[in-house]
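Open the model in your viewer and keep the selection tool ready. We will go helix by helix.

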Amino acid sequence: MKAFTFSEVENVFEIGRIIQALISKGHIKYYESNEAFLDALAWAIEFEREHKDTEDYYFDIDMFVQKKIREKGLM
């Protein structure tokens with residue numbers, strides 16, 4: 001079992017917020033909420049690994065999530 005760091009948990013929260021905003025605006029659609037949750041978990045870990053020392057956290061995480069959503073074909 002993985003123990004998440006504080007930064008990873010914060011990333012999950014922010015990624016979930018970004019996903020929900022995009023869903024609310026009609027920009028993306030997830031058919032299963034657990035798929036969105038699992039994406040948020042995986043992306044949170046990946047973001048922390050790749051952007052640990054970011055100077056503009058909110059911009060970088062937003063751009064990261066949008067890139068991941070495009071790669072997944074949701075946007």
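**Stop one: where α1 meets α2**

Select S7, E8, N11, V12, I15 and I19 in α1, then A36, A40, L41, W43, A44, I45, F47 and E48 in α2; these two sets of residues are in contact. Colour them by class: ten are nonpolar, two polar and two charged. Keep in mind that this is a predicted model.

Now show the helices whole. Helix α1 covers residues 6-24, and helix α2 covers residues 33-50. Their axes lie 8 Å apart, at an angle of about 130 degrees. The cut-off for roughly antiparallel is over 145 degrees, and α1 and α2 therefore count as oblique to each other. Their crossing is right-handed.

**Stop two: along α2**

Stay on α2 and check its length. At 1.5 Å a residue, its 18 residues should span 26 Å. The C-alpha atoms at its ends are 25 Å apart, which agrees.

Which residues of α2 are buried? Select A36, D39, A40, L41, W43, A44, E46, F47 and E48. The charged residues D39, E46 and E48 are on that list too. What covers the buried residues includes α1 and α3, the latter at residues 57-72.

Is R49 buried or exposed? R49 has a relative accessible area of 60%. Exposed means over 50%, so R49 is exposed.

Draw a distance from R49 to E35, C-alpha to C-alpha. The separation is 21 Å, for residues 14 apart along the chain.

**Stop three: where α1 meets α3**

Return to α1 and bring up α3. In α1, select E10, N11, E14, I15, R17, I18, I19 and L22. In α3, select Y57, Y58, I61, D62, V65 and I69, which those α1 residues meet. By class, this contact has nine nonpolar, one polar and four charged residues.

How do the axes of α1 and α3 cross? They come within 10 Å and cross at roughly 60 degrees. The helices are therefore oblique to each other. Here α1 passes α3 in a right-handed crossing.

Technical notes:
Residues numbered from 1 in each chain as written. Predicted model: local features only at pLDDT ≥ 70, side-chain atom pairs only at ≥ 80, totals over all residues. Heavy atoms only, no water. Axes fitted to C-alpha atoms, helices over the stretch in contact; angles between N-to-C directions. Helix = DSSP H or I, 4+ residues; strand = E, 2+ residues; numbered from the N terminus. Parallel < 35°, antiparallel > 145°, perpendicular 65-115°, else oblique. Left-handed = near helix turned anticlockwise from the far one by under 90°. Contact = heavy atoms within 4.5 Å. Expected span 1.5 Å × (residues − 1). Buried < 20%, exposed > 50% of the residue type's maximum accessible area, 1.4 Å probe, protein only.
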